[in-house]
Amino acid sequence: MPNLSATQNHEDPRGPKPRKILSRRNIILYGTLIFVAIYYLIPLYVMIVTSLKGMPEIRLGNIFSPPIEVTFEPWVKAWSQACTGLNCDGLSRGFWNSVKITIPSVFVSIAIASINGYALANWRFKGANLFFTILIFGAFIPYQIMIYPLVILLRDLGLYTKLPGLILIHTIFGMPILTLLFRNYFTTIPEELFKAARVDGAGFWGIYFRIMMPMSLPIFAVAIVLQVTGIWNDFLFGVIYTKPANYPMTVQLNNIVNSVQGVKEYNVNMAATLLTGLVPLAIYFISGKLFVRGIAAGAVKG
Amino acid sequence: MNSIEIKKLSLNFGEVVVLKDLNLTIEKGEFLVLLGASGCGKSTLLNCIAGLLDVTDGQVFINGQNVTWLEPSERGIGMVFQSYALYPQMTVEGNLSFSLKNAKLSKDEIEKRVQNASEILQIEDLLKRKPAALSGGQRQRVAIGRALVRDVEVFLFDEPLSNLDAKLRTDLRVEIKRLHQKLDNTMIYVTHDQIEAMTLANRIAIMRDGLILQLDDPKTIYNFPINKYVAEFIGSPGMNFLKGAILPNDKPIFKLDGGWCESPDLSNYKFQESIKTETQIWLGIRPESVAVGGEVKNMPVNFSLEVEVIEPMGADTLVWSQIGGQEFRFMVDGNTLVNVGDRVTVGFDPAHASIFDFDNEERL
């Protein structure tokens, strides 16, 4: 066999194909991703470093340089001393207002929307499609159109400028998209489960609480994330339907940052902004995994 | 006493008529199979009996009580679904006891019934598991158990074995039959599988387009199908249909389209009414009632064929052939040596054939 040695030198392909780590494909792929990530994170970096600097250091003008002397004073000031108009008790008041607005709004809107979605998906009552169409139609109307009528409505209800009024507004505006979310999720749950539960003697609420809800935790997580971020970040409704004592954190943040008197305290402004953004961020990190699962749940039947 | 009585039941989905003026009486302890192709209304009928669908017209009686307006849980039925429909977040025990908790039974009673059902179905070891940790067969057992614990008169099965593989299906089929023999409940079983229907049923109702075509015991349906559709549906491999005409001389003579050297005499066949004029017909012969070899000479009709394709199936071999340009299949013993191209003499007895009118396909 003359070419035996040749085949021995040259190994036959076997197992996984070897791949170069620094191939052109990888360089382009990772290069692009890293570039985009940095581009996106730079503003956040600037905010964090600025919030940790003292004013003299900021006046030097190097916004990208890390703080020479790390100080948390801007954070403390933003939380408890920053002034909006005559009040100088910082963002803390706005924070607690936001908490008082967000928790009931999220709870009420999700409770109602999930029951809506459940009824629309499983109990096909007469006119269900019409109700659904009307509800979804609401999602396409710009909010701004409804602002003034709602002011009048709240005034007549005696809720204008009060927290319950704002909670009502958030609940109403969350309804179309949340109902759609829940209805679509519930329709992916096999109909036979629903039928089996009916044969087993569970009623409307029994099926909802004992069968549907335990099977839908991911979509509840999605709804909570959507609502908490949406309501916490809301500025427009907060500024329109409340008065200064009840302003949510976002409105207060705006008033601190945009106040025209005195020196612009960039470090305090940055710290205040970061503080305001912490809650949605925390929610995202806590529920991130569930969130992705819930988003993907509609796609795969199982 | 009648267990279930359905009177003039109709159901429409909007414009679509699914069930029309349907009447059905099922005796206590009977095993009735609703058989038909998909879309024939068999599952719909079962859902109407269960109360999961509102009927458009008509009445449903269970145990002599008019249940037309009652909720599914108040009808005294248990139901087993094709997809098992187990509650994924509950354990097997939770699944079994769910209905009992809804009915607010005492703890002892619930435990007793769950214990009893799990013994019958041999799922005692699985009680603490979640459905996801069960195999297909075990899941279906739990699903049957869920109907069993309710201690009901009537069991409804909606294609319970369709999601299982072939081996498990035959195993569970026998178990369902055993269960029926042990419990003696009324059972209604929906399937599109004619073998399940033949093996399980006391009576089979063959459905098509929302109507029951034939309601009889399996033997009658197999031997005397009332029309060509039923004849095609029951039996595997399917019946042969030879197109031709009957010439009513002193004896009814069959004339095959495409020719036949002899003129087979059909006088053994029991006609519903005697044939007076020349009539176009389908002559239906089951592959398994065709005789080969030594038995041929005892048969009133015999002829020879050329073998075209053979399908050995172990015990038997199915032979494909042609007569007068029309397809003709017959069974030979699995040990018989047949080769493609052989000429084989076969015969049949018209008494075991089925003859259908060519135009309306009804039995003659």
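Reader: In which loop of chain B is the place of B:Pro237?
Author: In this predicted model, the peptide bond from B:Ser236 to B:Pro237 is cis, with omega near -5°. Most peptide bonds are trans. As for its place, B:Pro237 belongs to the loop between α8 (228–233) and β11 (240–248) of chain B.

Reader: What is the phi of B:Asn63, and is this residue buried or partly exposed?
Author: Most residues other than glycine have a negative phi. B:Asn63, in the loop between β4 (57–62) and β5 (65–66) of chain B, has a positive phi near 55°. A residue is buried if 20 or more other C-beta atoms lie within 10 Å of its own, and exposed if 12 or fewer. B:Asn63 has 16 such atoms, so it is partly exposed.

Reader: Where is B:Asp151 found, and how does B:Asp151 count by its C-beta neighbours?
Author: B:Asp151 has a phi near 60°, a positive value in a residue other than glycine. The residue is found in the loop between α4 (136–148) and β7 (154–158) of chain B. Because B:Asp151 has 14 C-beta neighbours inside 10 Å, it counts as partly exposed.

Reader: What distance separates the C-alpha atoms of B:Ile195 and B:Thr170?
Author: B:Ile195 lies in helix α6 (residues 194–200) of chain B. With 14 other C-beta atoms within 10 Å, B:Ile195 is partly exposed. B:Thr170 is 25 residues apart from B:Ile195 along the chain, and the separation of their C-alpha atoms is 9.7 Å.

Reader: What percentage of the contacts in chain B with a separation of 6 or more comes from residues 24 or more positions apart?
Author: Chain B has 8 helices and 19 strands, and its C-alpha trace spans about 80 × 45 × 35 Å along the principal axes. Of its 364 residues, 41% count as buried. Among the contacts in chain B with a separation of 6 or more, the share of residues 24 or more positions apart is 65%.

Reader: How far apart do the C-alpha centres of domain 1 of chain B and domain 2 of chain B lie?
Author: The domain assignment of chain B gives domain 1 as 2–227 and domain 2 as 240–357. Taken over C-alpha atoms, the distance between the centres of these two domains of chain B is 40 Å.

Reader: Which element of chain A gives the largest share of the side of domain 1 that touches domain 2?
Author: In chain A, the domain assignment gives domain 1 (18–71) and domain 2 (92–297), with 34 Å between their C-alpha centres. Contact between these domains of chain A involves 8 residues of domain 1 and 7 residues of domain 2. On the domain 1 side, α2 (24–51) and α3 (55–59) of chain A each supply at least two residues. The largest share, 4 residues, comes from α2(A).

Reader: What is the handedness of the crossing of α5(A) and α11(A)?
Author: Helix α11 (residues 217–233) of chain A has 17 residues and reaches 24 Å from its first C-alpha to its last, close to the 24 Å expected. Its axis and that of helix α5 (residues 92–122) of chain A come within 9 Å and cross at roughly 145°. The crossing of α5(A) and α11(A) is right-handed.

Reader: Which element gives the most to the side of chain A that touches chain B?
Author: Between the chains, 14 residues of chain A are in contact with 17 residues of chain B. On the side of chain A, the elements that give two or more residues are α9 (191–199) and α10 (204–215). By class, this side has 8 nonpolar, 2 polar and 4 charged residues. The element that gives the most, with 6 residues, is α9(A).

Definitions and conventions
Residues are numbered from 1 along each chain as its sequence is written. Chains are lettered from A and ligands numbered from 1 in the order in which they are written. This is a predicted model: local features need pLDDT of at least 70, side-chain atom pairs count only at pLDDT 80 or more; totals for chains, interfaces and linings use all residues. Two residues are in contact if their C-beta atoms, placed from the backbone, lie within 7 Å. Ala, Val, Leu, Ile, Met, Phe, Trp, Tyr, Cys and Pro count as nonpolar, Asp, Glu, Lys and Arg as charged, and the others, Gly among them, as polar. The expected span of a helix is 1.5 Å times one less than its number of residues. Domain bounds come from an automatic or database domain assignment. Axes are lines fitted to C-alpha atoms, for helices over the stretch in contact, and angles run from 0 to 180 degrees between N-to-C directions. A crossing is left-handed if the near helix is turned anticlockwise from the far one by less than a right angle, and right-handed if clockwise.
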